[in-house]
Amino acid sequence: MKARELRLDELVTFEKGRISLHGRRLVLHSMDAMAQFRRDLVDLVGPDQARRVLTRFGFFSGQADAAAMRRIYPSIGLHEWLRSGASLHSLMGVTRAVVRALELPDVEGRFFMEVTWHESGEAEEHLTQFGRAREPSCWMMVGYASGYASYCLGKPVFFMETRCRAAGAQVCSAIGRDEASWGGEIGPHRAFFKADDIKSRIRDLTRALRAASRELSTHRKRLAELEALRAGLPVEVHSRSFGQTLEVATRTARFDTSLFITGESGVGKEVLSRYIHQQSPRRSAPFVAINCGALPDTLLESELFGHTAGAFTGARGERVGLFEEAAGGTVFLDEIGETSPATQVKLLRVLQEREVLRLGENVPRKIDVRVIAATNRDIHQALRDKRLREDLYYRLAVVEIRVPPLRERRDDILPLARHFVQRFAEKQGLGHLTLHASCADLLLNHDWPGNVRELENAIEHAAVLCTDGIMRPEHLPVTIRVPRARLRTAAGGRARSLAEVEAEHVEAVLELTQGNKGRAAEILGIGGATLWRRLKKQARSKNGVNR
């Protein structure tokens, strides 16, 4: 999960009379009301005490949000976890936060972060009520950033505002350091951050929210409200590997050369070939695709080159082949490695002479097409095994483009998933259809042997099973919810035993079902009594009891 991929509609649930961030209730306040509250607070207790109250308010909110991010995305890395605080600030409309620098703790534990706050709502509140300030006044935002980073790092981190719109600067900016790095400079400001055992309260809140989530999950299944929402999102590309593939595809699209696309099954080789066609000068002419491995030789040749009446049994009339049908356009030959040697010879002639010979005819016909071929096999092994002619390969592979598997482009998984959510919603005439944020880790951690096609099917599976327009982990296919346990090497080089793998798998299923043993037993394919005995045995093993 990347901080830039956070989306409000996946994090926050909007219901009549209730807004919640994964079980933690939120309330919207107007900026005008907050500005008046700031005025009243300063008038009642003075500016120093007002600053302390607002800083502590922000500090607690930041710690709570940091805990929520870890709860929602348990496998998020420290770097993205820290950056997510700025993203949440932006999503909440508080400011448009931009992280300028971020240095994770070094061997001495030193931490540094610089953030710029554009259009600070808090600075605007201060200007509205008090006019221009003599010193920075984004107290809640400073407290929030400090609380968020402190929770992430597990030690005190303090942010200091260096520029502020309320004090005449164009933008607000702040620097965050750990306590040791600030040294004596933090002394005069420490009192504004002091709060009584905030972290333990955050832990208590997190435990309470997990319990509430388990209780709420049983009620969500009964809800079936659909809200109107129509949107078509383009597929975003964030991964470097697929970005490079697209760059090569775009660059070669304008040249009328043959291309060879390789990649595993389901990576989107035909989708990429259609993209190339749409970017090429041939875009206004037909794009014709055929799976060469799906047809026997005679029928494949008939489809490709056409035939005359009586050319073979069942050929009752003339047929125009795909090479002629695609005149001026593009022909996509999928699974070219599955063709027979005889068909490969005829394809080579098409590429060399730019003409086809219909089955049953003696006079060749000129064609004008671009050819793009593809395979999901190891093409170089096919050449060594003589299953693909070298001369045909070199004619086709003027440029060879490899489409990386989905496991090599994990940054694209969530954008693709969201694209499929919207496409399925439009296709089925659904209104509001949302991918719950708790699905993110499952999608990002799956290996996707079926690649993009498997992801699309998984999203459709979840969309069909969900009842309230929100696709949750329990709606995803079981192969994604409960991945097969893999034999991994422990830190000390010790391979795990079968009992350890089984225990980990059972624990993962129980976590998935939020402690529901009946549902867990159903997923595991065992009875409830069997599950109870295994849990009891595992507990004894952990406690060192062997009986």
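On a 1 Å grid over the protein atoms alone, a pocket is an open set of points with protein on both sides within 12 Å along at least five of seven lines, a cavity is a set of points where a 1.4 Å probe fits but cannot get out, and lining residues have an atom within 4 Å of a point. The model is a predicted one, in which local features need pLDDT of at least 70 and side-chain atom pairs count only at pLDDT 80 or more, while totals for chains, interfaces and linings use all residues. Residues are numbered from 1 along each chain as its sequence is written, and side-chain values use heavy atoms, with hydrogens and water left out.

The second largest pocket is lined by 36 residues, and V27, F57, S61, M92 and V94 are those that lie nearest its centre. Its volume, taken as the space filled by probe spheres set on grid points joined across faces, edges and corners, is about 1,200 Å³. Helix α3 (residues 47–72) gives the largest share of this lining, 8 residues; helices here are DSSP runs of H or I with at least four residues, strands are runs of E with at least two, and both are numbered from the N terminus. By class, the lining of the second largest pocket holds 25 nonpolar, 6 polar and 5 charged residues, where Ala, Val, Leu, Ile, Met, Phe, Trp, Tyr, Cys and Pro count as nonpolar, Asp, Glu, Lys and Arg as charged, and the others, Gly among them, as polar.

Helix α3 also packs against α6: their axes come within 6 Å and cross at roughly 40 degrees, the axes being lines fitted to C-alpha atoms over the stretch in contact and the angles running from 0 to 180 degrees between N-to-C directions. That makes α3 oblique to α6, since angles under 35 degrees count as roughly parallel, over 145 as roughly antiparallel, 65 to 115 as roughly perpendicular and the rest as oblique. The contact of α3 with α6 (heavy atoms within 4.5 Å) has 14 nonpolar, 9 polar and 2 charged residues.

Among the residues lining the largest cavity are H89, W117, Y144 and F159, and the lining divides into 10 nonpolar, 2 polar and no charged residues.
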